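This report walks through the cavities, sheets and nonpolar cores of one protein model. Keep the sequence and the 3D view open as you read.

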Amino acid sequence: MHYSNMINPDRLPERINQVVDQTLSEKRLAGAVIKVAIDGKVIYSRAAGYADRELNLAMQEDALFRLASVSKPITSTAALVLVAQGRLSLDDRVDHWLPEFQPRLGNGEIAAVTIRHLMTHTAGLTYRFFQEEGGSYEQADVSDGMDQPGITLEENLRRIASVPLLYTPGTKWRYSIATDVLGAVIARVTGSTLSEAIHSLVTRPLGMNDTGFVAVDPQRLTTAYADDVPGLRPLANPDGLAFVEGTAGFRLAPGRALDHTAYPSGGAGMTGSAGDFLQLLETLRKGGAPLLPESLVHEMTTNQIGDLPMPYWPGRGFGLGITVLKDPIAADTAESPGTWRMGGTYGHSWFVDPEQRLSVVAFTNTALEGMSGPFTVDLCNAVYGRLNKE
C-alpha cells in the first residue's frame, strides 16, 4: 500500500549511515544498534562501532543494553494491561494497593496520589539526579534505580515516601521516580515479583525474550561508556556522571545489569535489545493487540497533562509513560504532531510517528550522547531527510 505523505525510504539508509559513521569517527559514540520500521516493515537495521572498544568487540544486532528510562514504557504498558484486564484502575489511589506508601504534602497532609498521577509524572515526586547536591532525596538516600544501593524496592519506596512531595499531585509535571512506584503497584496487584509480572503481561506475549531486569546473556551485554572526556571512557562500577548544571547528577552502576539481587526498578532497571523494543513500539503503534485495546493505546499516546509546562521538553506533552509532541516548531523537530518519544541515560533514544507509520529505535552504549547529544537530533533529521537543516 502506498501513502503519499510517507517518508521516502529510498535514501534513508544512506542518510542514517552518514550520521552514524560521522558520530563514530568523532568518537562521540562507542557503538550503536539502530532500527527503523515504516508501515510495519523494517527498512533499516544496523549494528555499528564497538560493543567493547577495549576488547575490540564489534557491536552485534542482538546486543543487550542497560535500558535506563527505556524501562518506563515497558513498565507502563504492563500497568495498562492490568487496566485492560479490569484488575487496576487509573484512578485508583496508590495507597489502596500500597498502604505503606503514604507520602505527605509540605504541610504534613497525606496526599491523594493515583495511578494516573504516577503514569503522567504529576504525582509530586522527582529524581535525586534532578535535585541539587544535598537535596531531600539525597538526604533520604533515595536510589534513582541505576545504582546498586543494596536495598529492596520496599525500602526505597519507604525512603521516597519519607520526603515531602514537591507539589500537590496533578498540579505540576516533573519527570520522576514515579514509574518505580508503579512497578511496586504492579507487583502487588499480580501477587508476584515485578520481573515475573512484566514477563507474563508484556514480554512473553510479544516474544521479547531479550528483555528483563538482568541481562539474559552476559556475553551480549555491551560495555557502558561516558562522553565526559574526549574520546570517551568506560564507566566504572560504581560511577557518576554530571547532568544538568546545578544538579547532583547520575549515580550509575553498570554492574547492576548482571546483579540478581538488585531491586527491580520499573523506571530505570531493565536490560534488552533494540529488536525487542521495536517489537513493543510497533505493537503499540498498530493498536496494541494482543496486549491492549486501541482505546487504551490512544490514552497512553495522547497528551494527558493539558498545558502543564514540561522542563527540558518544549513543545511536548505527556501521555501515560511517554512524551507526546504537541508543537513541532516549539520542539524544533521534523517529527509529526502526535509523535511519542523518550530516551535513556545510558545512551538511547526512540520515537514513533503514527502519522508516518514510523518507529525508530537507536540504542547506543554511550551516555549521554546517545540520549541527549547532537547525535539524536542528527539521526532524527536524517530519518526525515532534513540533514541540511540550519
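The largest cavity has a volume of about 90 Å³. Arg 66, Arg 256, Ala 257, Ala 268 and Gly 269 are the closest to its centre, out of 14 lining residues. This is a predicted model: local features need pLDDT of at least 70, side-chain atom pairs count only at pLDDT 80 or more, and totals for chains, interfaces and linings use all residues. Residues are numbered from 1 along each chain as its sequence is written, and side-chain values use heavy atoms, with hydrogens and water left out.

A cavity here is a set of points, on a 1 Å grid over the protein atoms alone, where a 1.4 Å probe fits but cannot get out; lining residues have an atom within 4 Å of a point. Grid points are joined across faces, edges and corners, and a volume is the space filled by probe spheres set on the points. In total, the structure holds three cavities of 30 Å³ or more.

The second largest cavity contains about 40 Å³ of space. Its lining consists of Phe 65, Arg 66, Thr 222, Ala 224, Tyr 346, His 348, Thr 364 and Asn 365. The table gives each lining by class.

## The eight-strand sheet

Strands (E, at least two residues) are DSSP runs, numbered from the N terminus. Two strands pair if DSSP finds at least two bridges between them. What is the order of the open sheet of eight strands? It runs β3-β2-β1-β14-β13-β12-β11-β10, with antiparallel pairing. β3 (57-58) and β10 (316-318) stand at the edges with a single partner strand each, so one side of each lacks a neighbour in the sheet.

Take β1 (residues 31-38). Eight of its eight residues are buried, so the strand is largely enclosed by the rest of the structure. Buried means under 20% relative accessible area (1.4 Å probe, protein chains only). Gly 31, Val 33, Lys 35 and Ala 37 point one way from β1, while Ala 32, Ile 34, Val 36 and Ile 38 point the other way. In a regular strand, side chains alternate between the two faces of the sheet.

β1 pairs with β2 (residues 41-52) in the antiparallel sense over eight bridges. Gly 31 faces Gly 49 in β2 as its opposite residue. Two residues lie between the strands of this hairpin, and Asp 39 takes a positive phi near 55 degrees.

β1 also pairs with β14 (residues 358-364), antiparallel over seven bridges. Val 36 has Val 360 as its bridge partner in β14, and Val 33 stands opposite Phe 363.

Is β14 largely enclosed or exposed? Seven of its seven residues are buried, so β14 is largely enclosed by the rest of the structure. Leu 358, Val 360, Ala 362 and Thr 364 are buried on one side, and Ser 359, Val 361 and Phe 363 on the other.

β13 (residues 348-353) joins β14 through six bridges, again in the antiparallel sense. Ser 349 has Ala 362 of β14 as its bridge partner. The hairpin of β13 and β14 has four residues between the strands, and Arg 357 takes a positive phi near 55 degrees. β12 (residues 340-344) and β13 run antiparallel, joined by five bridges. Arg 341 stands opposite Phe 351 in β13.

## The three-strand sheet

A second open sheet has the order β6-β5-β15, with mixed pairing. Its edges are β6 (233-234) and β15 (366-367), each with a single partner strand, so one side of each is left without a neighbour in the sheet. β5 (residues 225-226) and β6 pair antiparallel over two bridges. Ala 226 stands opposite Arg 233 in β6.

## Nonpolar cores

A nonpolar core is a set of buried Ala, Val, Leu, Ile, Met, Phe, Trp, Tyr and Cys residues joined through side-chain atoms within 4.5 Å. Which residues touch the most other members of the largest nonpolar core? They are Leu 118 and Leu 125, in a core of 96 residues. Beyond its neighbours within four places in sequence, Leu 118 is in contact (heavy atoms within 4.5 Å) with residues including Val 94, Val 113, Leu 125, Ala 178 and Val 185. A separate second core has 25 residues, among them Leu 24, Ile 38, Phe 351 and Leu 379.

Definitions and conventions
1 Å grid on protein atoms, 1.4 Å probe; cavity = no way out; pocket = protein on both sides within 12 Å on 5 of 7 lines; lining within 4 Å. Buried < 20%, exposed > 50% of the residue type's maximum accessible area, 1.4 Å probe, protein only.
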